[in-house]
Amino acid sequence: MTDTTPQANSHSTLPIDPAREIRWGIVGTGRIARRFAQGLAHVPQARLAALWSRRAQPAHAFAAEFGGTPCDSFDALLASGIDALYIATLQDSHADYAIAALQAGLHVLCEKPATINRAQLERVLAAARASQRLFMEAMKPSFYPLYRKLRAQLAAAPIGEVGLVRAGCSVPGVPADHPSLSFEHAGGALLDIGVYEMFLAVDWLGAPRDVQTLGRLGASGVDTFASLNSLHERGGIAQLFCGLDLHGKGDALLMAKGGHVTIHEPWWNPSRATIRYADGRVVELDEPFEGGGLNYETAHFCELIRAGQLESPLMPHATSLAMIAMADAARAALGLRFAGE
Ligand SMILES: NC(=O)c1ccc[n+]([C@@H]2O[C@H](COP(=O)([O-])OP(=O)(O)OC[C@H]3O[C@@H](n4cnc5c(N)ncnc54)[C@H](OP(=O)(O)O)[C@@H]3O)[C@@H](O)[C@H]2O)c1
């Protein structure tokens, strides 16, 4: 890909006309890109304008199903007149595509994990600052109606400072050729699944101060199970697990002095929660989501573009940095280093 320089005056970080449609591009037309495109249809004043994938046939099939113009190259996608790029490739390529897009003057919504390590993420964020463009990791839970309702309920009727976050997910039977098990593509349970749990810990407890990890590596060299205990900046503790070899889909628990919250499974696509207050009150939240769920983060991202914002208040850069710092620490404990690290 070419290291393109931003075109003077070709884009603006000034707020844009709220009525103006946001034109999206997608790089990588695999599984999650399909879900993004389905969600985009539920986002007002936004449309899929262009896309590129390494292989022409899937890209053309994707365009036939969801719309958008298939481009001949990634550079052609960058120059196609889009406002924002959604990066839906595997994580080993996120940083390069993000930096190229930011340098081309585009806003970037990047799938999780934003990068494979903290050093890469710092380079991406430096590119975002230099180009004055919006960058956000597509970490979806906080945008779901349930999660927002939960935040509002706890603001109106608090349980106090959360002191323990317990969350996990483990998915067995992953085929050997799935990207989650690929060392080359920087797979593994921590980066594929664990980042969700790390998000939950950071979102409620703040940045990590200490991360202790036990786990195992599988035949392909990536981690297939990890269990983390972490201490966070305000003194809270997280107990997290992620796996690719045990059946362990779960809910999430937030504990405080004044009560506790269960976000029911699958907590990362949340629609139900139960709040049990210490005085005996029980509040059930039931907030179904539409559009597959990715539409909420996309709508939020479009609002930020329209407002000329360079960072999301709900998914700020500091949260992405803290999450990847936890993943770095956990991988170091397991002795897992990817190529070039
Ligand atoms: N937010 C969520 O809920 C969620 C859920 C699942 C996955 N994800 C994340 O989304 C990303 C993609 O996962 P997926 O399940 O969609 O994978 P996938 O189905 O394998 O699709 C990946 C796509 O990226 C392309 N690609 C891979 N590496 C590339 C590279 N270096 N340059 C250009 N194109 C490349 C692939 O093209 P080819 O066909 O040419 O290989 C394919 O089109 C991962 O980072 C994953 O962690 C997020």
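Analyst: One cut-off before we start: buried means under 20% relative accessible area. Also, this is a predicted model.

User: Fine. Take A186, then: buried or exposed?

Analyst: A186 has 1% relative accessibility, so A186 counts as buried. A186 sits in the loop between β7 (164-170) and α7 (189-205).

User: What about its backbone, where is phi of A186?

Analyst: Phi of A186 is near 60 degrees, which is a positive value in a residue other than glycine.

User: Which other residue has a positive phi without being glycine?

Analyst: Q45 is one of them, with phi near 55 degrees. Q45 is in the loop between α1 and β2. At 40% relative accessibility, Q45 counts as partly exposed.

User: Back to A186. How far apart are the C-alpha atoms of A186 and H232?

Analyst: They are separated by 26 Å, and the two residues are 46 residues apart along the chain.

User: And where is H232 found?

Analyst: H232 is in strand β9 (residues 223-232). H232 counts as buried because its relative accessibility is 2%.

User: What does H232 touch?

Analyst: Leaving out residues up to four places away in sequence, H232 touches A201, V202, L205, G206, A207, P208, R209, A238 and M326.

User: Switching to helices. How do α4 and α5 pack?

Analyst: Helix α4 (residues 94-103) packs with α5 at an angle of about 10 degrees, and their axes are 9 Å apart. That angle makes α4 roughly parallel to α5.

User: Which residues make the contact?

Analyst: On α4 they are A95, A98, I99 and L102; on α5 they are Q120, R123, V124, A127, A128 and S131. Sorted by class, the contact of α4 with α5 has seven nonpolar, two polar and one charged residues.

User: And α5 with α9, at what angle do they pack?

Analyst: Helix α5 (residues 118-131) and helix α9 (residues 317-334) pack at about 160 degrees, with axes 9 Å apart. That makes α5 roughly antiparallel to α9. The crossing of α5 and α9 is right-handed.

User: Which residues of α5 meet α9?

Analyst: R118, L121, E122 and L125 in α5 meet H317, S320, L321, I324, A325 and D328 in α9. By class, the contact of α5 with α9 has five nonpolar, two polar and three charged residues.

User: Now α1. Which residues of α1 are buried?

Analyst: In helix α1 (residues 31-40), the buried residues are A33, F36, A37, G39 and L40. Seen down the axis of α1, the buried residues fall within an arc of 160 degrees, so they line one face of the helix.

User: What covers the buried residues of α1?

Analyst: The cover includes the strands β1 (22-27), β2 (46-52), β4 (84-87) and β5 (107-111), and the helices α2 (56-66) and α8 (294-306).

User: Last topic, prolines. Where is there a cis peptide bond?

Analyst: One joins E265 and P266, with omega about -10 degrees. P266 lies in the loop between β12 (259-263) and β13 (272-277). The peptide bond from K112 to P113 is cis too, with omega near -15 degrees. P113 is in the loop between β5 and α5.

User: One more: where is A307 found?

Analyst: A307 is in the loop between α8 and α9. Its relative accessible area is 37%, so A307 is partly exposed.

Technical notes:
Residues numbered from 1 in each chain as written. Predicted model: local features only at pLDDT ≥ 70, side-chain atom pairs only at ≥ 80, totals over all residues. Heavy atoms only, no water. Axes fitted to C-alpha atoms, helices over the stretch in contact; angles between N-to-C directions. Helix = DSSP H or I, 4+ residues; strand = E, 2+ residues; numbered from the N terminus. Parallel < 35°, antiparallel > 145°, perpendicular 65-115°, else oblique. Left-handed = near helix turned anticlockwise from the far one by under 90°. Contact = heavy atoms within 4.5 Å. Nonpolar A, V, L, I, M, F, W, Y, C, P; charged D, E, K, R; others polar. Buried < 20%, exposed > 50% of the residue type's maximum accessible area, 1.4 Å probe, protein only. Arc of directions from axis to C-beta.
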